[in-house]
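The sequence and structure come first.

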Amino acid sequence: MDTPSRLSFTTRSLHWIIALGFIALSALGIYMALTETWSLYHWHKSFGIILFGIILVRVVWRLKQGWPVPLHRYQRYEQQLAKLVHWVLLLGTIAMPVTGMIYSGGSGNGFGIFSWAIMPINPDPAAPGSTIPFNETLMVIGETAHEVIGYTMVAALLLHIAGAIKHHLWDKDRTLLRMIGK
C-alpha cells in the first residue's frame, strides 16, 4: 500500500517499467520514422503490446490506490499542472498502443507479439512484400493520432521530469526520493 511518505514496490515498479518502456519505444518510433527503418517495426509493435498489458495493470492499480498524496501544499497552478500532466501521461500511455494498433491493423500490416499474430497481415497477391489496407480511414486516423499523442506525451514527460527535479532541488522535498524507494 502507498502511504504519504512511501510508495509501494508495486507502484514504483509499474511507474519505472512503463516510463523506461515508453521512452525506449518512443525513441525507437521516432528513429524508425526519421530513417524509414521498417525492419524494426516488428520489435516496436511487439514490445508496445507487451507494455500495453503492463499499462492496463498500472491503470487499474492507480485507480485502486488513487494518486500519490502531495508532500506539501503547493500553489494552485502547480497542483492543477501536476494533475493535468499526470492525467495526460496516464491516458496517453493507453492511447499510444491503441492508436498504434489501429494504424497498423488498418494499414494491413497487422500486429502481434513477435511470431504470434493478433491482427494478421493482409498481403497484396499482386505485389509480394506489400499489403492491402483493411481500412484506409482507420489507418490515417490511427497514424495521425499515434504521432500527435506521441509528441504530446514527450512534452508531458519532459514537464513531469522537470517537476520531479523542481521538487528535489528547489522544494527540497521527498517526492523524487519516494518514487525511487528511498
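Helix H4 covers residues 136–171, 36 residues in total, and extends 50 Å from first to last C-alpha, close to the 52 Å expected at 1.5 Å a residue. That expected span is 1.5 Å times one less than the number of residues. Helices (H or I, at least four residues) and strands (E, at least two) are DSSP runs, numbered from the N terminus. The model is predicted: local features need pLDDT of at least 70 and side-chain atom pairs count only at pLDDT 80 or more, while totals for chains, interfaces and linings use all residues. Residues are numbered from 1 along each chain as its sequence is written, and side-chain values use heavy atoms, with hydrogens and water left out.

At the start of H4, Asn 135 places a side-chain oxygen within 3.0 Å of the backbone nitrogen of Thr 137. After the helix comes Lys 172, which has a positive phi, near 55°. The buried residues of H4 are Met 139, Gly 142, His 146, Gly 150, Met 153, Ala 156, Leu 157 and His 167. Buried means under 20% relative accessible area, exposed over 50%, and partly exposed in between (1.4 Å probe, protein chains only).

Met 153, Ala 156 and Leu 157 also belong to the largest nonpolar core, whose seven residues include Phe 22, Val 85, Leu 89 and Met 96. Such a core is a set of buried Ala, Val, Leu, Ile, Met, Phe, Trp, Tyr and Cys residues joined through side-chain atoms within 4.5 Å. H3 and H4 each contribute at least two residues to this core. Beyond its neighbours within four places in sequence, Leu 157 is in contact (heavy atoms within 4.5 Å) with Phe 22, Ile 23 and Leu 89. A second, separate core has six residues, among them Ile 18, Leu 25, Ile 55 and Leu 90.

How many salt bridges does the structure hold? There is one, the term meaning a side-chain nitrogen of Lys or Arg within 4 Å of a carboxyl oxygen of Asp or Glu. Glu 78 pairs with Lys 166, and their closest N and O atoms are 2.7 Å apart. Because Glu 78 lies in helix H3 and Lys 166 in helix H4, the pair ties together parts that are 88 residues apart in sequence. Lys 166 is partly exposed, at 28% relative accessible area.

The whole structure contains five aromatic pairs. Rings of Phe, Tyr and Trp (its six-membered ring) pair if their centres lie within 6.5 Å; planes under 30 degrees apart count as stacked, over 60 as edge-to-face and the rest as tilted. Two of the pairs are tabulated below.

| Pair | Centre to centre | Angle between planes | Arrangement |
|---|---|---|---|
| Trp 38 and Tyr 41 | 5.5 Å | 25° | stacked |
| Trp 67 and Trp 87 | 5.2 Å | 70° | edge-to-face |

Trp 67 sits in the loop between helix H2 (41–65) and helix H3 (76–107), and Trp 87 in helix H3, 20 residues apart. Trp 38 is exposed, at 52% relative accessible area, whereas Tyr 41 is partly exposed at 23%. Trp 67 is partly exposed at 35%, and Trp 87 is partly exposed at 37%. Ring pairs also link Trp 43, Phe 47 and Phe 114 into a cluster.

Overall, the protein chain has five helices and two strands, in the order α-α-α-β-β-α-α. Its C-alpha atoms fill a box of roughly 65 × 30 × 25 Å along the principal axes. Of its 182 residues, 32% count as buried.

Technical notes:
Polar contact = N/O pair within 3.5 Å; in protein donor to acceptor, adjacent residues only side chain to side chain.
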